[in-house]
Amino acid sequence: MPSNNSNARALSVILVVCSVWSVLTLAGPARGQMSQKSKAGTATRADGLTAWQQIYSVLTHPRCINCHTATNYPQQGDDRHRHFANVIRGPESKGVAGLNCASCHQQANADSTGVPGGHKWHLAPLSMRWQDVNDQPLSSGAVCRAVTDRSKNHGLNGPGLLKHHEEEPLVLWAWNPGRRPDGTMRTPPPLTHAEFVAATRRWIEAGMPCPQGK
Amino acid sequence: MATYELNVNGQRKRVNVDPSTPLLWVLREELKLTGTKYGCGISACGACTVHVAGIATRSCVVPVSLIGNRPIVTIEGIGNDRVGRAVQDAWVEKDVVQCGYCQSGQIMSACALLKANPKPTDANIEESMGGNICRCGTYFRIREAIKSASGQLK
Amino acid sequence: MRATPKVENDMHLNRRSFLRASAAAAGGLVVSLYLDLPTAARERNQVPPAKVYPPDAFVNIRPDGKIVIQVNRLEFGQGIHTGLPRVLADEMDADWTNVIAQLAPAADVYKDPIYGIQLVGGSGSTARSFQQYRELGAKTRAMLVAAAADRWRTTPDQCRTEASVVHGPAGQSATYAELASEAARQPVPTTVRLKNPTEFRLVGKPAKRLDSRPKCDGSLKFGLDLDLPGMKVAVVAHPPVFGGRVKSINDAEARRVEGVLDVFEIPLVRGTGVAIVADKFWPAKQARSRLKVEWDLSGVEAADTAELWSKYRKLGQSPGIVAATQGDPAAIDKIALSNRLVAEYEFPFLAHTPMEPLNTSVRFDGDAAEVWAGSQFQTGDQMAVAEVLGLKPEQVTFHTEMAGGGFGRRAVGDSHVQREAAVIAKRLRGTPIKLVWTREDDVQGGYYRPMHFHRIEVGIGPNGLPVAWRHVIVGQAINADGPFATVAITNGVDVTAVEGVADTNYAIPNFHASIHHPKVNVPVLWWRSVGNSHTAFVMETLIDELATRARMDPFAYRRKLLKPEAKKPLRVLDLLEQASARWRENLPRGHALGVSCHESFGTGVACAVDVSIENKRPRIHRATVAVDCGLAVNPLAVESQFQAGLAFGVSQLMAKGAITLKNGRVEQRNFDGYAPPYIMDAPVAVDVHIVKSVEAPTGCGEPPVPVISPAVVNALARLTGKRYRTLPLVSI
């Protein structure tokens with residue numbers, strides 16, 4: 001029979017670990033390893049689905065979904081119209097010779113001319129489309145399944161997805177989207193980047209659940 | 001104002017301009033290279049197309065501060081290049097131009113296409129040239145000239 | 001022998017060319033070409049006075065053998081820079097490889113011989129200067145030959161000329177360069193023998209453009225490329241509603257932009273604006289975006305597209321001022337409803353958006369000024385600048401720059417751009433000022449092809465042909481309150497709004513066309529092909545609908561309906577039918593044929609297109625075009641004009657091809673919101689067939705434009721079963 005002392009010690013270890021984890025979570029981006037270890041604790045499937053909805057609200061915001069098209073063209077603007085000047089995806093989702101994404105989009109926003117920019121600006125591959133061919137956003141379930149499908153998402157697991165959301169320059173761009181040609185600021189997604197990362201973490205802890213149904 | 005060292009048509013050029021100044025206006029007004037044209041200022045027409053590190057680039061929207069040491073080639077320099085020469089010759093041979101204002105950009109875009117793909121199909125041509133406006137409408141002869149240049153570049 | 005063609009006794013205006021032939025003393029043919037002016041000349045039974053054009057103002061033979069020819073027109077794509085020199089060089093027997101062309105500055109001697117002002121418009125540069133340049137070439141040749149004859153003590157008829165060399169009867173020869181100074185001392189002949197068309201060596205043969213290479217290597221300078229020592233750049237903040245005025249300016253931030261020199265209010269043709277002058281374009285533009293202007297919009301009409309449609313539609317329900325009437329205007333009312341076709345059409349405002357944004361440079365020196373502009377209206381612009389600067393026109397040196405397109409936008413009666421530049425130059429005396437309109441200024445700056453509403457009631461006879469036609473048009477009068485009002489507006493009808501309907505080539509009994517000219521606070525202007533841009537669409541789609549209803553093919557129907565005197569339309573229909581037969585009879589599945597036929601500016605055009613629908617847009621696989629432009633001075637240029645002009649015409653079909661206003665403000669800003677045809681929107685393949693003719697040359701600048709939209713839409717009608725009466729084609 002375990003002694004009270006070892007129980008107490010075990011409990012205190014757990015409490016310490018939890019509190020350390022909480023502190024680290026509140027402090028900012030946590031390491032993948034930490035979240036793996038802490039998976040056991042707090043997030044239920046319901047929590048995860050809620051977190052996923054928050055993520056979905058970001059992914060389907062124009063700043064993100066405009067480059068996650070199912071077609072051979074990107075979109076632009078809050079009304080998500082087809083990008084002007086007939087720019088197209090091209091075989092590597094970087095445009096075509098003579099009309100590359102990089103023909104206009106540089107490695108940083110050009111606020112003086114209203115062109116957004118970020119490191120290696122390009123379209124998300126078709127495997128990561130979040131719309132249908134009629135430019136309608138896919139359902140929450142469909143996007144979730146695409147995002148978690150390792151055959152489609154460049155082999156990213158939970159920690160990989162978290163890192164992607166935390167660090168990928170083109171993801172970060174959505175929160176620093178620059179000025180439009182008319183001088184006004186582009187609208188950022190409905191969550192802050194920190195909230196987005198936190199939601200991602202919660203979702204991952206919950207086992208990356210996806211909503212049922214189509 | 002800031003000073004930038006640019007590599008333009010193989011030459012080193014130093015300019016002193018506001019960092020936000022698009023490359024187009026640096027070329028036209030600081031370096032007096034007026035072959036690259038202003039058509040819209042929002043990268044919708046292609047008249048301002050130059051090559052930056054070999055990539056067709058719409059200079060009206062790229063601030064000079066983002067160029068760095070990437071080499072720039074303009075319409076004034078593209079003729080020093082086998083592909084450029086073939087394209088310009090084809091343009092003249094096929095009597096493509098009308099007002100001519102868009103043609104610097106058309107030629108630079110066409111050169112980028114042919115450098116990447118010396119034997120473009122009609123669909124390739126249409127895709128790569130699909131972002132260049134010609135208000136006079138010389139598109140038919142542009143297609144012909146690209147095919148002709150392609151034929152010359154065996 | 002004098003032969004005068006039958007003059008049609010029309011109430012409305014038409015522009016047919018008349019040939020007046022008379023024998024010349026030497027037995028050759030002197031041909032005078034006069035374009036029929038709408039009012040004065042014909043009514044007074046007068047012939048416009050012959051003007052004298054001194055050859056030395058047009059031809060300069062350099063010692064090195066180069067022959068520099070002045071072109072009295074703006075070159076803005078149409079190829080006149082090559083075309084008119086060809087004409088002169090042919091009569092002159094000049095060596096074409098040594099010809100250099102230049103755009104002449106503004107001067108009396110370069111005025112259009114028929115219109116009396118220096119201009120490009122009405123697709124008339126070749127038509128109206130053909131005779132003139134022939135005579136100039138022939139006179140120059142005559143003077144060179146006279147000089148050679150003097151030198152060799154022989155007579156001119158003993159000499160012959162070829163490729164810039166005069167040959168004498170005994171083996172002598174002298175180059176034009178060698179003879180030039182002696183030739184200049186010869187008297188200018190008052191009459192001269194012109195070649196028979198069979199003697200042409202250049203005219204009628206395809207020639208590549210002279211300005212091609214420099215336009216391909218970046219060396220050719222357009223107006224916007226001008227660079228002068230000490231030059232400054234200006235941009236103007238225009239009121240957001242036409243006619244608005246500056247109430248207050250806060251320029252603190254604008255002036256902080258490095259390179260900005262001055263910010264000040266200026267009068268505009270409509271209202272007032274704010275000029276910003278800087279060292280270079282970018283600081284000027286940056287400063288303008290930081291300028292805070294409070295506008296006074298009181299008393300200024302805020303035009304609104306939705307409201308205008310409502311108003312236009314209402315006006316269009318009843319007849320307006322009569323533009324053309326024949327037979328019984330009430331005949332339509334007697335026709336059973338089941339035999340009536342009623343159609344209403346809507347056409348939006350269109351902007352020209354030439355590739356080179358508008359610009360003008362001016363330097364004012366107090367007692368003189370210099371202007372550089374790619375202007376279609378040099379005389380008027382020169383006068384306007386002089387007026388602003390308090391000078392006489394002859395104190396203003398006006399250089400004609402090569403222009404990056406125009407389509408009518410550079411032919412403005414009020415010279416508003418030049419006036420803005422002059423006002424700024426006046427304030428910065430001694431400093432050359434380059435005024436630049438940004439693309440946004442251009443898209444939002446007005447001078448559009450007007451909005452139009454048409455309502456047509458057609459009574460259909462038992463054979464399927466129309467027996468009555470009542471046509472009401474609603475649209476602003478382009479020429480109202482302008483310098484051409486007296487010439488273009490007769491009995492309240494602006495001819496440019498009804499051309500293509502009022503003077504239709506179709507023999508329609510009981511034909512009644514009328515127009516309402518509302519006054520709207522939106523400046524309007526001619527857009528390439530002017531009235532034909534909307535009237536041809538209406539006529540050719542209605543005719544197509546009638547033909548379909550009568551179960552007749554589009555060629556047969558038109559042949560039946562065209563007036564027998566409509567020679568050019570009939571010829572081009574025939575040629576088109578032949579030239580397009582092979583592909584018409586082999587249309588793939590999902591493709592359809594569309595046909596149209598229209599004469600404008602004296603040129604007959606018929607067009608057939610092969611269209612399918614791809615990604616919900618019309619895909620024009622092929623266009624075959626037949627043209628009767630009389631003698632084709634440069635068939636390669638004619639072909640180019642038609643290949644490219646069709647693509648320009650597709651502008652009217654583009655989904656984002658409308659300028660709209662809301663509460664007085666133009667809603668589009670640039671090519672993102674107002675999109676012209678790109679390469680995939682234009683016909684993929686175009687073949688052009690020119691009727692062989694030695695009739696007087698007529699224009700090719702505008703005639704291609706009206707035919708493409710109705711042809712495409714006629715094809716779409718076959719594919720979808722729908723009729724398209726609203727432009728642009730937002731959806732199919």
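**Domains of chain B**

Into which domains is chain B divided? Chain B splits into domain 1 (2–73) and domain 2 (78–152); domain bounds come from an automatic or database domain assignment. This is a predicted model: local features need pLDDT of at least 70, side-chain atom pairs count only at pLDDT 80 or more, and totals for chains, interfaces and linings use all residues. Residues are numbered from 1 along each chain as its sequence is written, while chains are lettered from A and ligands numbered from 1 in the order in which they are written.

The C-alpha centres of domain 1 and domain 2 of chain B are 21 Å apart. In the contact, 13 residues of domain 1 of chain B meet 11 residues of domain 2 of chain B. Two residues are in contact if their C-beta atoms, placed from the backbone, lie within 7 Å. On the domain 1 side, strand S3 (residues 49–52) of chain B gives the most, with three residues. That side of domain 1 of chain B holds six nonpolar, six polar and one charged residue. Ala, Val, Leu, Ile, Met, Phe, Trp, Tyr, Cys and Pro count as nonpolar, Asp, Glu, Lys and Arg as charged, and the others, Gly among them, as polar.

**A hairpin in chain B**

Strand S1 (residues 2–8) and strand S2 (residues 11–17) of chain B pair antiparallel over seven bridges. Two strands pair if DSSP finds at least two bridges between them. Helices (H or I, at least four residues) and strands (E, at least two) are DSSP runs, numbered from the N terminus.

S1(B) and S2(B) form a hairpin with two residues between them. In the turn, B:Asn9 has a positive phi of about 50°. B:Thr3 stands opposite B:Asn16 in S2(B).

**Chain B against chain C**

The contact takes 45 residues from chain B and 51 residues from chain C. Five helices of chain B each give two or more residues to the side that touches chain C: H1 (23–30), H2 (82–93), H3 (103–116), H4 (122–129) and H5 (139–152). H5(B) gives the most, with four residues. By class, the chain B side has 22 nonpolar, 15 polar and eight charged residues.

**Domains of chain C**

Chain C is divided into domain 1 (49–211), domain 2 (223–299 + 358–436) and domain 3 (316–350 + 448–720). Taken over C-alpha atoms, the centres of domain 1 and domain 2 of chain C are separated by 37 Å. Here 14 residues of domain 1 of chain C are in contact with 19 residues of domain 2 of chain C. The domain 1 side of chain C has nine nonpolar, three polar and two charged residues.

**Two sheets in chain C**

An open sheet of seven strands in chain C runs in the order S11-S12-S9-S19-S16-S17-S18, with mixed pairing. Strand S11 (260–267) and strand S18 (396–400) of chain C stand at the edges; each has a single partner strand, so one side of each is left without a neighbour in the sheet. The twist averages 20° from one strand to the next. S11(C) and strand S12 (residues 272–278) of chain C run antiparallel, joined by seven bridges. C:Val263 has C:Ile276 in S12(C) as its bridge partner. Helix H9 (residues 378–389) of chain C packs on this sheet. H9(C) touches strand S16 (359–364), strand S17 (369–373) and S18 of chain C, and its direction makes about 145° with that of S18(C). Axes are lines fitted to C-alpha atoms, for helices over the stretch in contact, and angles run from 0 to 180 degrees between N-to-C directions.

An open sheet of three strands has the order S3-S4-S5 (chain C), again with mixed pairing. Its edge strands are S3 (59–61) and S5 (99–103) of chain C, and each pairs on one side only. The twist averages 20° from one strand to the next. Strand S4 (residues 67–71) of chain C runs parallel to S5(C), with five bridges. C:Val68 has C:Ile100 in S5(C) as its bridge partner.

**A helix pair in chain C**

Helix H14 (residues 532–549) and helix H15 (residues 554–561) of chain C pack at about 110°, with axes 9 Å apart. H14(C) and H15(C) are therefore roughly perpendicular to each other; angles under 35 degrees count as roughly parallel, over 145 as roughly antiparallel, 65 to 115 as roughly perpendicular and the rest as oblique. H14(C) brings C:Ile543, C:Asp544, C:Leu546 and C:Ala547 to the contact, and H15(C) brings C:Pro554, C:Tyr557 and C:Arg558. By class, this contact has five nonpolar, no polar and two charged residues.
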